Amino acid sequence: MPYKSFEEYSDDVTENVKSKYQEIITDLGEDIGRDGLLKTPERAAKAMQFLTQGYVQDPVEILKGAMFKESYNEMVIVKDIELYSLCEHHILPFFGKVHIAYIPNGQIVGLSKLPRIVDVFARRLQVQERLTQQILDCINDTLNPQGVAVVIEASHMCMMMRGVQKQNSTTTTSGFRGQFEKIETRNEFLKLIGK
């Protein structure tokens, strides 16, 4: 399914996940009958559907829906794309910024589509390394550009709230294809995104 704003929820999924949240909250020692928690299981069920909507969206169709023939063959960069995802190891958020560049090869894509494919892949249970690779491969395989680059910088709540509890650490991942495998092109990209 192409990208759309996700505000529809499956009644079956909502009820099923809601009942599991009721069990979890009860198992943790809380009273699901108290005022503050009465609607929490349902809200949590809907939140999880929203946060994992990427499973029912097709990033390739998003890109193909806005590809245009164009002779421009210099670097195109969309930087500082907000990223919100869930770590698949603890189901805790990680968040940060994504920087994407590509060098067209006869076709360009609508600029808003790059942040949209970030959202599609981020709205799944993820690890940052795979997320970087999925964005990179999707753009490379769909647009067939001369080159593509992706850099993600993120903070992980699983490292900040629990475990090592390091508040100021960030994780950076990157991937490069085609012309960006050349050091001079890569360095130009990194300079332009301020790295």
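**View 1. The sulfur atoms of Cys-158 and Cys-87.** The sulfur of Cys-158 lies 4.1 Å from the closest cysteine sulfur, which belongs to Cys-87, and this is too far for a bond. The model is a predicted one, in which local features need pLDDT of at least 70 and side-chain atom pairs count only at pLDDT 80 or more, whereas totals for chains, interfaces and linings use all residues. Residues are numbered from 1 along each chain as its sequence is written, and side-chain values use heavy atoms, with hydrogens and water left out. Across the whole structure, the search finds zero disulfides (a disulfide being a pair of cysteine sulfur atoms within 2.5 Å). Cys-87 is accordingly in no disulfide, with the sulfur of Cys-158 as its nearest cysteine sulfur at 4.1 Å. Cys-87 counts as buried at 5% relative accessibility, and Cys-158 is buried with a relative accessible area of 13% (buried means under 20% relative accessible area, exposed over 50%, and partly exposed in between, with a 1.4 Å probe and protein chains only).

**View 2. Ile-62 in helix H3.** Ile-62 is placed in helix H3, which covers residues 59-64 (helices, H or I of at least four residues, and strands, E of at least two, are DSSP runs numbered from the N terminus). Ile-62 is buried, its relative accessible area being 5%. Although 55 residues separate Ile-62 from Ile-117 along the chain, their C-alpha atoms are 7.2 Å apart.

View 3. Strand E2 (residues 76-87) and strand E3 (residues 93-103) run antiparallel and are joined by nine bridges (two strands pair if DSSP finds at least two bridges between them). Within this pairing, Glu-82 stands opposite Lys-97 in E3. The two strands form a hairpin with five residues between them, and in the turn Ile-91 has a positive phi of about 55 degrees.

**View 4. Strand E3 beside strand E6.** E3 is also joined by ten bridges to strand E6 (residues 147-156), and these two strands run antiparallel. The bridge partner of His-99 is Val-151, which lies in E6.

**View 5. The chain that holds these sites.** The chain contains seven helices and seven strands, and its C-alpha atoms fill a box of roughly 60 × 40 × 20 Å along the principal axes. Of its 195 residues, 39% count as buried. Where contacts (heavy atoms within 4.5 Å) join residues at least 6 apart in sequence, 72% are between residues at least 24 apart.
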